[in-house]
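Visitor: Hi, could you walk me through this structure?
Guide: Gladly; have a look at it here, and then ask away.
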Amino acid sequence: MPSSKLVRLDEALELVEDGMSITISGITFSRNPMTFIAGLIKTGKKDLYFIDREPGFGLDILVASGAVRGVRAAMATFELYGLAPSVRSAVEHGRIEFLEDTCGAIIAGWKAGAYGIPFMPVRGVLGSDLVKLHEEAGTWKVIKDPFDGEEVLAVRSVEPDVAVVHVHYSDEYGNAMIEGPRYEDELKVRSSKKVILTAEKIVHSDYLRMVPHVLSASTLHVDAVVYAHMGAWPTAMYGLYQADYDSIGEYYNSVKKGKAMEWIESRLLKRWL
């Protein structure tokens with residue numbers, strides 16, 4: 001029988017060190033691990049390098065709090081509001097680095113990391129100015145197909161130091177299930193060096209044994225499990241609650257007024273910590 005990985009939030013936060021690369025679950029306004037992000041801010045984590053395909057609210061909160069030194073993403077958006085406001089401001093004023101990616105390329109990088117191979121070949125990006133940027137960053141390289149000599153793009157495997165994934169159900173060992181869209185979260189679980197799950201509900205292992213074909217994470221990949229009811233708020237949790245657009249709008253307007261940290265401290269940190 002494996003050991004229990006169920007820990008308190010403060011214990012799981014100790015797995016994240018300053019300067020680490022990090023990725024989180026979900027996309028823009030869906031299934032972001034907000035309880036854990038509030039903890040990262042409260043404990044003063046800094047110099048994090050954030051990697052994702054289409055982040056939104058969770059990333060913006062981390063950037064607004066000064067926890068992030070750099071971002072690699074295909075886009076950072078706030079849906080109907082446009083670009084993620086704190087990310088955009090931080091990039092424009094040179095406070096953080098931003099390495100623009102493409103959806104197809106970064107997913108290929110996740111797959112390489114999850115499969116345990118050094119890179120994944122990709123067609124369709126050649127000719128873009130992004131190729132030069134990524135070759136300088138050491139994340140992409142143009143190579144020859146060994147079979148027919150065609151030029152293809154090799155995307156280096158993406159292997160963040162830590163992934164924080166919010167799930168619907170987990171047992172105490174880290175066997176977990178996500179309902180609805182999973183995005184790239186299962187690849188993130190398998191490609192990251194450390195995996196922390198936050199879960200809406202902790203269930204008995206017998207419950208998950210009845211549905212092994214839909215598990216999104218297994219105890220083999222997971223380092224810690226944290227109980228976090230409503231842990232994605234104000235982003236959505238499929239089947240449980242919708243995105244809280246009133247609160248997201250309040251945050252967006254606070255950013256525009258230069259008062260993002262006031263919103264974060266009064267609405268986010270006081271909610272859980």
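Visitor: Which helices do the buried residues of α10 pack against?
Guide: This is a predicted model, and in it the buried residues of α10 pack against α2 (34–42), α3 (57–64) and α9 (245–256).
Visitor: And which residues of α10 are the buried ones?
Guide: They are Ala260, Trp263, Ile264, Leu268 and Leu269, in a helix of 13 residues that covers residues 260–272.
Visitor: How many residues of α2 are buried?
Guide: Eight of its nine residues are buried, so that α2 is mostly covered, and after this helix comes glycine 44, whose phi is positive, near 75°.
Visitor: OK, aromatics now: how many aromatic pairs are there?
Guide: A search of the whole structure finds twelve aromatic pairs. One of them joins phenylalanine 57 and tyrosine 251, whose ring centres are 5.2 Å apart and whose planes stand at 70°, so the pair is edge-to-face.
Visitor: Which parts does that pair tie together?
Guide: Phenylalanine 57 lies in helix α3 and tyrosine 251 in helix α9, so the pair links parts that are 194 residues apart in sequence.
Visitor: What about tryptophan 233 and tryptophan 263, are they buried or exposed?
Guide: Both tryptophan 233 and tryptophan 263 are buried, and they form a stacked aromatic pair, with 6.3 Å from centre to centre and 15° between the planes. Arginine 271 lies over the face of tryptophan 233, at 4.1 Å from the ring centre.
Visitor: Switching to strands, which strand is joined to β5 by four bridges?
Guide: That is β7 (residues 151–156), which runs antiparallel to β5, and phenylalanine 119 stands opposite arginine 156 in β7.

How values were computed: Residues are numbered from 1 along each chain as its sequence is written. This is a predicted model: local features need pLDDT of at least 70, side-chain atom pairs count only at pLDDT 80 or more; totals for chains, interfaces and linings use all residues. Side-chain values use heavy atoms; hydrogens and water are left out. Helices (H or I, at least four residues) and strands (E, at least two) are DSSP runs, numbered from the N terminus. The expected span of a helix is 1.5 Å times one less than its number of residues. Buried means under 20% relative accessible area, exposed over 50%, partly exposed in between (1.4 Å probe, protein chains only). Contact means heavy atoms within 4.5 Å. Two strands pair if DSSP finds at least two bridges between them. Rings of Phe, Tyr and Trp (its six-membered ring) pair if their centres lie within 6.5 Å; planes under 30 degrees apart count as stacked, over 60 as edge-to-face and the rest as tilted. A charge sits over a ring if NZ of Lys or CZ of Arg is within 6 Å of the ring centre and within 35 degrees of the ring normal.
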